[in-house]
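I opened my notebook to look up a few parts of this structure. Here are my entries, in the order I made them.

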Amino acid sequence: MKHKKNKDVANKEGMPQTLSSTSMFTPCGFSPHLHTSKEDEQGGLIFQDGNLTSASLDALIQHLIPTTDYYPEKAYIFTFLLSSRLFIEPHELLSRVCHKCIEQQRLDDPVLDKARIRKFGPKILQLLTEWTETFPYDFQEERMIGHLKDMIHRIAPCDEAYWKKMNQLLQTLNQKLATLSHGQEGIVKISAAVSDKLVAFKSKPPSIQREILSVCSDPYTLAQQLTHVELERLSHIGPEEFVQAFVHKDPLDGTKTCFSEQKKTSNLEAYVKWFNRLCYLVATEICMPAKKKQRAQVIEFFIDVARECFNIGNFNSLMAIISGMNMSPVSRLKKTWSKVKTAKFFILEHQMDPTGNFYNYRTALRGAAHRSLTAHSNREKIVIPFFSLLIKDIYFLNEGCANRLPNGHVNFEKFLELAKQVGEFITWKQVECPFEQDPNIIHYLHTAPIFTEDGLYLASYESESPENQTEKDRWKSLRSTILGKT
């Protein structure tokens with residue numbers, strides 16, 4: 001397949017430019033414009049208004065492969081590597097890319113064309129670098145590393161520098177994977193510690209438990225520490241997890257589902273669990289104190305924390321706090337709420353109101369995203385979306401459009417939209433937290449015991465007596481099952 005030489009700066013002969021992850025985004029998000037020549041349209045790629053809309057899987061793989069005078073656009077590389085796993089496993093894709101390169105660049109010839117390979121070498125190295133940087137989890141598989149090394153072994157005799165570049169690439173990749181797996185292990189340990197304590201907590205009177213205000217009484221500090229936790233957990237989520245969460249069987253491949261052995265989405269799931277934990281922690285902290293004045297104080301504290309989360313751009317913690325306050329065991333505490341200045345709470349609730357498909361929140365999110373693009377400091381760059389809604393949006397995008405068109409072509413238009421949503425998220429998750437970390441508060445957030453739903457109802461009824469027969473029956477039942485009292 002012929003490729004017309006692109007005018008893109010990255011396509012000049014020699015080493016293509018390494019672009020930052022944000023350079024593939026325009027102020028409105030992801031840039032899907034993949035300009036190409038008429039020749040490419042005959043190679044199985046279908047364009048509309050200069051945008052690639054559909055193609056056969058083979059044509060898309062070919063479009064990914066660099067030649068001596070062609071290098072794919074960064075936007076295309078990201079979109080295709082993200083979505084291709086719905087049709088072909090990463091190790092299989094890399095294997096096909098390498099085979100095509102060997103064939104097209106005649107890397108099997110007994111005598112290599114050194115001048116030709118010196119033009120091609122930097123480009124294939126650049127593609128492999130981008131792949132390892134954006135989708136490092138793909139390279140946890142030995143087959144991936146095998147293909148990568150094999151490719152570089154073939155071109156290295158033409159230029160000694162390629163060995164050095166390969167070693168740098170592998171070193172960076174190993175460091176990244178080590179950091180990610182270390183983070184994953186930490187998260188798993190924390191989760192295990194919590195569930196052990198839960199059981200012990202049920203049998204202890206609440207008075208001997210520590211509570212949030214003894215650990216951190218300043219709402220600004222707690223909002224900043226929550227932001228630390230959010231950004232730390234976000235940093236472990238690979239962009240491919242959004243796609244792998246919704247993997248179905250490919251209709252053109254009757255044998256298997258990609259990634260059938262496991263739905264590699266553990267970081268994404270761990271992050272959703274963190275949101276649920278924060279909801280329950282907020283509800284536990286409110287229901288625990290024996291006196292309504294103290295309960296009201298805790299509610300007002302969390303309202304201030306939520307407001308500061310909103311100002312920071314931490315919408316996930318904000319929504320978790322509001323959700324915790326809206327849980328029935330908390331919202332039924334009428335005498336407690338009568339002591340609370342609720343005006344600020346209603347403003348926050350209005351911001352996160354689900355009406356109009358979360359119209360108010362989406363407007364605030366766009367504002368935060370715009371601020372992030374024009375930011376002068378890391379603090380202004382923070383955008384932590386309400387994560388469950390982001391997953392829901394991606395789910396509906398995935399369910400609403402077919403992966404393949406009736407003619408068997410890959411529906412690339414759909415994947416450009418997917419890449420736009422996931423790509424924006426990647427930019428946000430790479431922000432470094434500008435606040436100083438407080439290990440005590442972070443440890444408390446992860447390990448403080450929390451009530452189960454039944455525990456919350458019991459604590460709520462113990463604080464403010466049941467108001468009707470249904471509540472009285474439930475209280476009686478909970479006292480006997482949890483406390484062993486009649």
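**Entry 1: the sheet**

I began with strand S4, residues 51-55, in this predicted model. I found 5 of its 5 residues buried, so the strand is largely enclosed by the rest of the structure.

Next I asked which strands pair with S4. Strand S3, residues 45-48, pairs with S4 in the antiparallel sense over 4 bridges. There, Leu45 has Ala55 in S4 as its bridge partner. Strand S5, residues 410-411, also pairs with S4 in the antiparallel sense, over 2 bridges. Here I noted Asn411 in S5 as the bridge partner of Ser54.

I then wrote down the whole sheet. It is open, has 3 strands in the order S3-S4-S5, and its pairing is antiparallel. S3 and S5 stand at the edges with a single partner strand each, so one side of each has no neighbour in the sheet.

I also checked the hairpin of S3 and S4. It has 2 residues between the strands, and Asp49 takes a positive phi near 50 degrees.

Is Thr67 buried or exposed? I found it buried, because its relative accessible area is 12% and the cut-off for buried is under 20%. Thr67 sits in the loop between helix H2 (57-64) and helix H3 (74-83). Its side chain makes a polar contact of 3.2 Å with the side chain of Asp69.

Thr179 came next. I located it in helix H7, residues 161-202. Thr179 counts as exposed, because its relative accessibility is 52%. A polar atom of its side chain lies 2.8 Å from the backbone oxygen of Gln175. I also looked at Thr179 and His236: they are 57 residues apart in sequence, and their C-alpha atoms are 9.0 Å apart in space.

**Entry 2: salt bridges**

I recalled that side chains of opposite charge can pair when their charged atoms come close. How many salt bridges are there? The count comes to 16. I looked up some of them.

Arg106 forms one with Asp109, with the closest N and O atoms 3.1 Å apart. Arg106 is exposed at 52% relative accessibility, while Asp109 is partly exposed at 29%.

Asp108 and Arg154 meet in another, at 2.7 Å from N to O. This pair links distant parts of the chain, 46 residues apart. Asp108 is in the loop between helix H4 (90-104) and helix H5 (114-134), and Arg154 is in helix H6, residues 142-155. I found Asp108 exposed at 57% and Arg154 partly exposed at 23%. Asp150 joins these two residues in a network of salt bridges.

Glu424 pairs with Arg366 in a salt bridge, the closest N and O atoms being 2.7 Å apart. Glu424 lies in helix H20 (residues 412-429) and Arg366 in helix H17 (residues 355-373), so the pair ties together parts 58 residues apart in sequence. Glu424 is buried at 17% relative accessibility, and Arg366 is partly exposed at 44%.

**Entry 3: two helices**

I looked at helix H21, residues 439-447. Among its buried residues are Ile441, Tyr444 and Leu445. Asp438 caps the N-terminal end of H21, with a side-chain oxygen 3.1 Å from the backbone nitrogen of Asn440.

Last, I listed buried residues of helix H22 (residues 453-463), including Gly455, Tyr457 and Ala459. What covers the buried residues of H22? The cover includes helix H11 (266-287), helix H14 (328-331) and helix H23 (469-483).

Key. Residues numbered from 1 in each chain as written. Predicted model: local features only at pLDDT ≥ 70, side-chain atom pairs only at ≥ 80, totals over all residues. Heavy atoms only, no water. Buried < 20%, exposed > 50% of the residue type's maximum accessible area, 1.4 Å probe, protein only. Polar contact = N/O pair within 3.5 Å; in protein donor to acceptor, adjacent residues only side chain to side chain. Pairing = 2+ DSSP bridges. Contact = heavy atoms within 4.5 Å. Salt bridge = Lys/Arg side-chain N within 4 Å of Asp/Glu carboxyl O.
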